[in-house]
Amino acid sequence: MIKKDYYEILGLGRNASQEEVKKTYRKLALKFHPDRNQGDKQAEERFKEASEAYEVLHDPQKRQVYDQFGHAGLEGRGFHGFGDVGDVFSAFGDIFGDLFSFDTAGQGRRAGRRGADLRYDLQISFVDAAFGKKISIEVPRHESCPDCSGTGAETDTAIKPCPDCGGKGSVIHSQGFFSVSTTCSRCRGEGKFIEHPCRGCRGHGLVSKKRQLEVKIPGGIEDSNRLRLSSEGEPGTGGGPAGDLYVFIRVKEHPLFTRHGDDVVCQAPISFPQAVLGCEIEVPTLEGTTKLTIPHGTPTGKIFRLSGLGVQHLHGRGRGHQLVQVEIQVPKKLSAEQEKLLREYARLTGDDIAPQKEGFLKRFAQKKAN
Ligand SMILES: [Zn+2]
Ligand SMILES: [Zn+2]
């Protein structure tokens, strides 16, 4: 059987860096991993091939032999590649932990830890809540360190099994007849010891970054609603999925409008003559202004409905209404002439101040007696 060229398998050039070898293998291994391609013989073969290529090329010594003498050179030194997928897992027990956090030593492979969810408070205007808007936000969060690809180590060879636990992540204490297994305090259960921590992230594998995101605010959103941006939270560790980002919405108050569901309510001041005689007034709307006809004889507090000028329905078409409540304004100061005319008006309607007062008091007294 003719063996394929290792560089060709990974699709890399002869001078590919260690980092490139690792990255490419990681990609291929995830794609062709047996857990993801159950029963697919071809995928299994690709997985095995890629693993073998990685096994040779990531190791400077093996790589040098291969570069110089090819497959024959490796075979001459006792390297025969992998017979089957099981060989890959037993050979890569440790390295797989780093690459994917598949725990091959223990009870089957398990995925890494999911990243934490993040919260972002976003204040938006009343009108943006009504009609929706795309808003750009900057979210501080952690990202995989670009210098070390998240390994936390200066170079690949700087990661060693933890000396306290031998890479198992747990240590066993004997207490009388019992043995108790506890998480290793030195490596905090990760089983790794980083001899030369990466300078970019001081060995954490993560760096703080501000990430620009666009949030699509749907029209009709309400104060204290929240939006979920899936996988925009903190990154997972050991190949685990990222957390989610929750955007909590705060809607600013509007100087003129209040909201009742999808209806908006506003007050419109009118004068006594306008209320009595009727008129046309201009009222503000969410988008500008509109004309409203006040019929003659309108009492104070009456509510007029402007159909379809309210807030967008959140999940559906159409909009709420605008409700305009008129408020008759009472002037505090009158000119001499105005007062004279008003007194004349009162005399003509029989609403002279004193008798009206008397009549009201009389009626009030009668009611009490009943
Ligand atoms: Zn340890
Ligand atoms: Zn780093």
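Predicted model: local features only at pLDDT ≥ 70, side-chain atom pairs only at ≥ 80, totals over all residues.

Residues are numbered from 1 along each chain as its sequence is written, and side-chain values use heavy atoms, with hydrogens and water left out.

Entry on H4. I looked up helix H4, residues 60-76 (helices are DSSP runs of H or I with at least four residues, strands runs of E with at least two, numbered from the N terminus). I found that H4 bends by about 130° at phenylalanine 69 (the angle between axes fitted to the seven residues ending there and the seven starting there). After H4 comes glycine 78, with a positive phi near 90°.

Entry on salt bridges. I noted 25 salt bridges in the structure, each a side-chain nitrogen of Lys or Arg within 4 Å of a carboxyl oxygen of Asp or Glu. One of them joins arginine 250 to aspartate 223, with the closest N and O atoms 3.0 Å apart. Arginine 250 lies in strand E9 and aspartate 223 in the loop between strands E7 and E8, so this pair ties together parts that are 27 residues apart in sequence. Another links glutamate 287 and arginine 319 at 3.1 Å between the closest N and O atoms. I also recorded a network of salt bridges that links Arg114, Asp117, Arg228 and Asp244.

Terms used
Chains lettered and ligands numbered in written order. Expected span 1.5 Å × (residues − 1).
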